[in-house]
Amino acid sequence: KTAIHVIAINGEGATGVRRSFAALPDNQVRAKKQVIWVLSARDLQFSETTGLRAGIYWRDVEFNPESEAKTSSDEEIIVIAKLKEKSGIQNPDLTPYADAVYSGIFEIQKVESGVYEKEETSVFLWAFQDRKMQPTSNIEPGKSYRLRLSKIEDLPKIKTRTRLDDFFRIDLTPMFSEKAEETVSPP
């Protein structure tokens with residue numbers, strides 16, 4: 001029996017999936033016996049200009065030359081961050097998938113624990129599980145939240161979930177937070 005490694009990302013066109021696959025350590029990519037790509041026909045049919053207007057990007061990706069996955073730091077990263085914008089969330093009763101995470105772009109206001117050097121972060125949170133909306137789906141732009149950040153690539157159960165992502169932020173490492181605790185903005 002062979003386990004199937006699925007990378008499914010809703011909303012990034014073919015680039016998001018290719019980028020996630022290319023980020024795998026080199027030895028994992030080479031160990032794959034077969035790769036099956038399934039993508040929307042529109043990604044191939046649109047001219048580049050029409051595709052860009054529709055938010056469809058076909059970007060080059062570079063494969064990770066590292067042969068082993070980098071171990072994540074044992075130090076927990078906890079930040080206070082203001083939500084700038086968040087991806088749309090579909091009605092879970094009308095989707096073909098029962099679970100989904102969605103992205104938000106946050107402005108870092110304070111690092112409470114660990115090290116996080118960027119001024120912004122792309123954080124995925126639960127939209128719905130078992131077709132039930134989760135509390136993290138109700139966060140609001142302009143409000144500040146305490147987030148415990150983990151790299152999506154370090155979370156096997158999360159990285160294979162459907163990702164609702166309206167943003168193309170290749171400059172930010174996709175992070176995940178199980179909870180978003182509303183806080184008062186730091187001075």
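**A predicted chain, from fold to side chains**

The model is predicted, and its pLDDT averages 82 over the chain, with 80% of the residues scoring at least 70. In one stretch, residues 69-73, the pLDDT falls below 50, and beyond near neighbours in sequence this stretch has two contacts in the model. Where pLDDT is low, the predicted coordinates should not be read in detail.

The chain holds five helices and eight strands. Read from the N terminus, the order of elements is α-α-α-α-β-β-β-β-β-α-β-β-β. Of the 187 residues in the chain, 36% are buried. The chain exposes about 11,700 Å², and 48% of that area comes from carbon and sulfur atoms. Taking contacts between residues at least 6 apart in sequence, 75% join residues at least 24 apart.

How many aromatic pairs does a search of the whole structure find? The search finds three. A pair of aromatic rings is described by the distance of the centres and the angle of the planes. One of the pairs is formed by Phe21 and Phe63, with ring centres 6.1 Å apart and planes at 85°; an angle over 60 degrees counts as edge-to-face, so this pair is edge-to-face. Phe21 belongs to helix H1 (residues 13-22), while Phe63 lies in the loop between helix H4 (48-53) and strand E1 (77-86), so that 42 residues separate the two.

Trp126 is in strand E3 and Phe176 in strand E7 (residues 174-176), and the pair links parts of the chain 50 residues apart.

The charged end of Arg163 sits over the ring of Phe124, at 5.7 Å from the ring centre.

Phe124 is also one of the residues in contact with Ser177. Ser177 is placed in the loop between E7 and strand E8 (181-183). With a relative accessible area of 0%, Ser177 is buried. Apart from its neighbours within four places in sequence, Ser177 is in contact with Val123, Phe124, Leu125, Leu147 and Arg148. The side chain of Ser177 reaches the backbone nitrogen of Arg148, at 3.3 Å.

Most residues other than glycine have a negative phi, and most peptide bonds are trans. Asp130 has a positive phi, near 50°, and is not a glycine. Asp130 is found in the loop between strand E3 (120-129) and strand E4 (132-133). Arg131 lies in the loop between E3 and E4 as well, and its phi is also positive, at about 65°, although Arg131 is not a glycine. Asp130 is at 57% relative accessibility, over the 50% limit, and therefore counts as exposed. Arg131, with a relative accessible area of 31%, is partly exposed.

How values were computed: Residues are numbered from 1 along each chain as its sequence is written. Side-chain values use heavy atoms; hydrogens and water are left out. Helices (H or I, at least four residues) and strands (E, at least two) are DSSP runs, numbered from the N terminus. Buried means under 20% relative accessible area, exposed over 50%, partly exposed in between (1.4 Å probe, protein chains only). Contact means heavy atoms within 4.5 Å. Accessible areas come from the Shrake-Rupley method with a 1.4 Å probe; for residues, only the protein chains shown count as cover. pLDDT is the predictor's confidence in each residue, from 0 to 100. Rings of Phe, Tyr and Trp (its six-membered ring) pair if their centres lie within 6.5 Å; planes under 30 degrees apart count as stacked, over 60 as edge-to-face and the rest as tilted. A charge sits over a ring if NZ of Lys or CZ of Arg is within 6 Å of the ring centre and within 35 degrees of the ring normal. A polar contact is a pair of N or O atoms within 3.5 Å; within protein, one must be able to donate a hydrogen and the other to accept it, and residues adjacent in sequence count only if both atoms are side-chain atoms.
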